[in-house]
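Grab a pencil and work through these exercises with the model open beside you. Try each task before you read its solution.

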Amino acid sequence: MSADTEEHGADAPGGDAGGANGAGGAPVSPRALARRRRAEALRRFAREYTRNRAGLVGLLALSAIVLLALFAPLLVDQAELTVTGAPGAAYEPPSAEFPLGTDNFGRSVLDLIIWGSRVSLTVGFLATVVSVVLGTLVGVTAGHFGASGGPAGRVVSSVLMRVTDWFLVLPTLVLAVALAAVLPRGTGTIIIAIGLTVWPATARLVRAQTLAVEARPFVERARALGGGHTHVMAWHVLPNVMPVVLAQTTLLVATSIIAESTLAFLGVGDPTTISWGGILEAARTAGAISSGIWWYMIPPGLAIAAVALSFTLCGRALESVINPRLREQR
Amino acid sequence: MTSDPVTPGAPAGAEAPGAPAPAGPAGPGRAGRIARYVAGRLATAAFSLLAVVVAGFFLFRILPGDPVRAMTEGREVTAEQREELRRQFGLDQPLWQQFLDYLTGLLRLDLGTSFQFREPVTELILERLGPTVLLAGTGTVIAALLGLLLGVRAGWRPGGRSDRANSAVALFFWSVPTFWLGLLLIVALASGRGFMPGLFPTGGMVDPAATGPVETALSTAWHMVLPITTMVAVIYAQYLMIMRSSLMDERGADYLTTARAKGLRDALVRRRHAVPNALLPTVTLIFLNLGQVVSGVILVETVFSWPGLGQLFYSGLRVPDLGLVQGLFVVFAASVILMNLLADLVYPLLDPRVRP
Amino acid sequence: MTSLLDVRELHVTYRAGHGEVPAVRGVDLSLDPGGTLGLAGESGSGKSTVALALLRLLPESARIGGQVLLEGENVLDMRWGRLRAVRWVGAAIVFQGAMHSLNPVKRIGDQIAEPMAIHGTVPANRIPGRVAELLGQVGLPASRTRDYPHQLSGGQRQRVMIAMALACEPRLVIADEATTALDVMIQAQILALLKRLVAEQGIGMLMISHDLSVLAATCDRVAVMYAGRVVEQGPAREVVHEPAHPYASALSAAFPRIGDPASRLAPRGLPGDPPDPADPPPGCVFRPRCAVAETVCATVDPPLWPVDPDPAGNSARHAACVHVGPARPLTTARDGGTP
């Protein structure tokens, strides 16, 4: 069984893992064999990923940003982020003390951005988790029952896909803004609003992938051996769908972070926290745009773009490493 | 069907099993098939519209708990005023009655009353429709042309210099928040601060001082430059990516080898054979992604104070004016569904294989 | 007179991943005007690569060496403009499985007309008439002009491909597995049609197929390819019925022959797989699968020798096997001289 679920890693071109195992000659337990194959697959994956230069740049940039967000409390004095504790005068241009100048209350824009990364990344990650879980659930269910659920299953599957398509066509932003507007203000609301609106793409992708997996012989075998729907979905389909989901997840984080900033900019974000979109909204409402206070509005946008771009680069690199293998399997 | 004079030994019609329908466009069953196809699409669209209507009710009447409290939060409103508002919006009725009123209202194209403007939502929307259609239409057409053109060039030689440059630029625009790009353009080209003169207006649609149709048109065009630039920058990137990948999928197709073997030059192979095929999935995806055009319009209108539906939506959000936001939600979603219906009906003209 | 087609020492190498994979390794073919030559071999033997190489239609990852003389002019040296002019007028191709070889969103009439318009072989106002005439030649009514490929059956599509190939009255037609995807009945029709049209119009034909019996029925001469090389070449009847090379005899035996109950009752396959083109075995590449291999076969890679030559050393048939010609196993002393 584990051999089946391992097929992803092990059937990459060359198949040198098998050769290496055979050459050893010593008896190896299946578990150790599986572990060794998994380690080998992981190494090969890392090797292929590092060959993608853009993906590497994205990964490095991302690590730096995540570290910055984690250590923000050490770098930034939280008291100086309040309106009353602002250390400088309003709209100070960039200087040695305030590398990115100050905002209309005299707070350091750099500090705001460092602190804002925490909310932006958190919302980005959690909203992605919500949408990926939802999308995977719907996608695997629709795919599985569409392929092997009989007439009733096909009805379930087509209803699920109709719902997915409906959400897919709907203007994402309008729905997210509407949700954020009617639910109580807060970070949780933003996460749910984004998560509930960006899942359909994942669902479609996962469904297509599930159908491809279901067509493979080992799923047939598992069914013939009496594996129930849950067993087949959890043990056979899910592990084989995960790599695609991983790449999609990485791309979705970028979407979610942009969505968060957009909601904050439209004024339906959480007013009590500092996020990149919130800083931009504040900059606009304070009139920084028309008075050309560029240091108040350019850096937060660049930060959003940098994070989104990093995630996108990583996601595309993952996709290009994973996809040729998937194509081979079909 | 095919009488076969060349090989008399073979039974005529031996090839028939695989061949569908006789030649000639006007078989008796054809009209029926078209009618069935159209009816199917109409039914799907109608069902989606109904779902939008229900979702609108659920989102704005049920989810907020007490819509009036949500709308008047943070304002000094007496209990009597709240009651008055409730009556005015029909919120004192039982839920099923509210839903029924909402439905019958929609059938009469009555989207309720705006709390903020004290005007029927339908009228507000009709007033603002023109500017939005102008902005979104122009932006989408330019973005589609640009994206498809560059996508064809990138996808025909993937990995080439043009592909790498185009993909990098597209990825950057894809990663940038729309509204920030707009703000950036304002700071750089419109604010008149810093080193750049204020070349373009910071917002609005037309100079109030403009008189006469020519002057108004010129002023409108002038005001459109920055909003359109922002919209195009954000939307064209996805068109480019879609076109690029579907052309890449076609690149290995056998019929392209045939075209090359016929002696067509590369540009002609691409234009006459590859692009028409690659366009099919692209068109589908472009219509499927129309929702993002709506998102783009809302943000661009907000940033540039363009007097359209997007800005109306934003002003409704700020209050919050739930009646207005609800009406706009229904209108935005319905328009996207209708555009997709249009795409479904037009698609068979592009692809002979799905012709009913 | 000059040959219609003269292929000399054709090499094709694909750049793949890390190294280079040779697909065609020194192929010589010759075809007189109006003659018919069959090229046989299993999938992966390089026969379709040869077909595409003749008009330089291979992907950019392929490197071609040698000479392809089409009416005395080397296709491989041509400038792009000249090459485009030669394509379809000098040599046209009937591709395999017309399903994918026809553009699905273009009307078949337009696809047939296209090469005539491109090359200007027919005045524009006479193209529609010529399209109808071509369709008539392949047994399709002119009313089919406005159909799309998906509206036709497989056999009808193949007929369209043939009409298209004849559009510019080429001197050479290359039929690349032209009947492979069709069922037997239609296959016979299409073969008869192709053979008749080619003979009527004096067109030379290079027919590529994995099916020796198809080639035997259509061609004057046959060449058998294995792992990128021609291993036997000669008059079709002799190659098919009395093959000299062990691979050719295996291929010939793999298809039951009409009127030969023995072959129908006991069709013989060939054990094993063709060699990995990136890493061919030393000596004769067929040795691992050969029933009559000898020790010397592991070191000697024999060239094409004349089979049963006349006293002057001439023979219509050649085979690349140590069991044939002067390099029979006993004369190992001469082995050192073979490349």
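**Exercise 1.** What percentage of the 339 residues in chain C is made up of buried residues?

*Solution.* Before counting, here's the background. This is a predicted model, where local features need pLDDT of at least 70 and side-chain atom pairs count only at pLDDT 80 or more, while totals for chains, interfaces and linings use all residues. Residues are numbered from 1 along each chain as its sequence is written, and chains are lettered from A and ligands numbered from 1 in the order in which they are written.

Step 1: get the cut-offs. A residue is buried if 20 or more other C-beta atoms (placed from the backbone) lie within 10 Å of its own, exposed if 12 or fewer do, and partly exposed in between.

Step 2: apply them. Buried residues come to 48% of the 339 in chain C. For chain A, 45% of its 330 residues count as buried.

**Exercise 2.** How many helices and strands are there in chain C, and how many in chain A?

*Solution.* Step 1: know what you're counting. Helices (H or I, at least four residues) and strands (E, at least two) are DSSP runs, numbered from the N terminus.

Step 2: count. Chain C has eleven helices and twelve strands, whereas chain A has 14 helices and zero strands.

**Exercise 3.** Which strands sit at the edges of the eight-stranded open sheet in chain C?

*Solution.* Step 1: write down the order. The sheet runs E6-E7-E8-E3-E9-E10-E12-E11 in chain C, with mixed pairing. Two strands pair if DSSP finds at least two bridges between them.

Step 2: look at the ends. Strand E6 (91–94) and strand E11 (305–306) of chain C are the edge strands, each pairing on one side only.

Step 3: zoom in on one end. E11(C) pairs with strand E12 (residues 318–319) of chain C in the antiparallel sense, over two bridges. There, Trp305(C) stands opposite Ala319(C) in E12(C).

**Exercise 4.** Why is helix H10 (residues 246–254) of chain C largely enclosed by the rest of the structure?

*Solution.* Step 1: count the buried residues. Seven of the nine residues of H10(C) are buried, so the helix is largely enclosed. Among them are Pro246(C), Tyr247(C) and Leu251(C).

Step 2: find the cover. It includes strand E3 (36–40), helix H8 (212–218), strand E9 (221–226), strand E10 (229–235) and helix H9 (236–241) of chain C.

**Exercise 5.** How many residues of chain C are in contact with chain B, and which helix gives the most?

*Solution.* Step 1: define contact. Two residues are in contact if their C-beta atoms, placed from the backbone, lie within 7 Å.

Step 2: count both sides. 37 residues of chain C touch 30 residues of chain B. H7(C) gives the most to the chain C side, with five residues.

Step 3: sort by class. The chain C side has 19 nonpolar, 13 polar and five charged residues. Here Ala, Val, Leu, Ile, Met, Phe, Trp, Tyr, Cys and Pro count as nonpolar, Asp, Glu, Lys and Arg as charged, and the others, Gly among them, as polar.

**Exercise 6.** Where does Tyr91(A) lie, and is Tyr91(A) buried or partly exposed?

*Solution.* Step 1: locate the residue. Tyr91(A) is in the loop between helix H6 (72–75) and helix H7 (109–148) of chain A.

Step 2: check its surroundings. Tyr91(A) counts as partly exposed because it has 17 C-beta neighbours inside 10 Å.

Step 3: list its partners. Setting aside neighbours within four places in sequence, Tyr91(A) is in contact with Thr102(A), Asn104(A) and Ile293(A).
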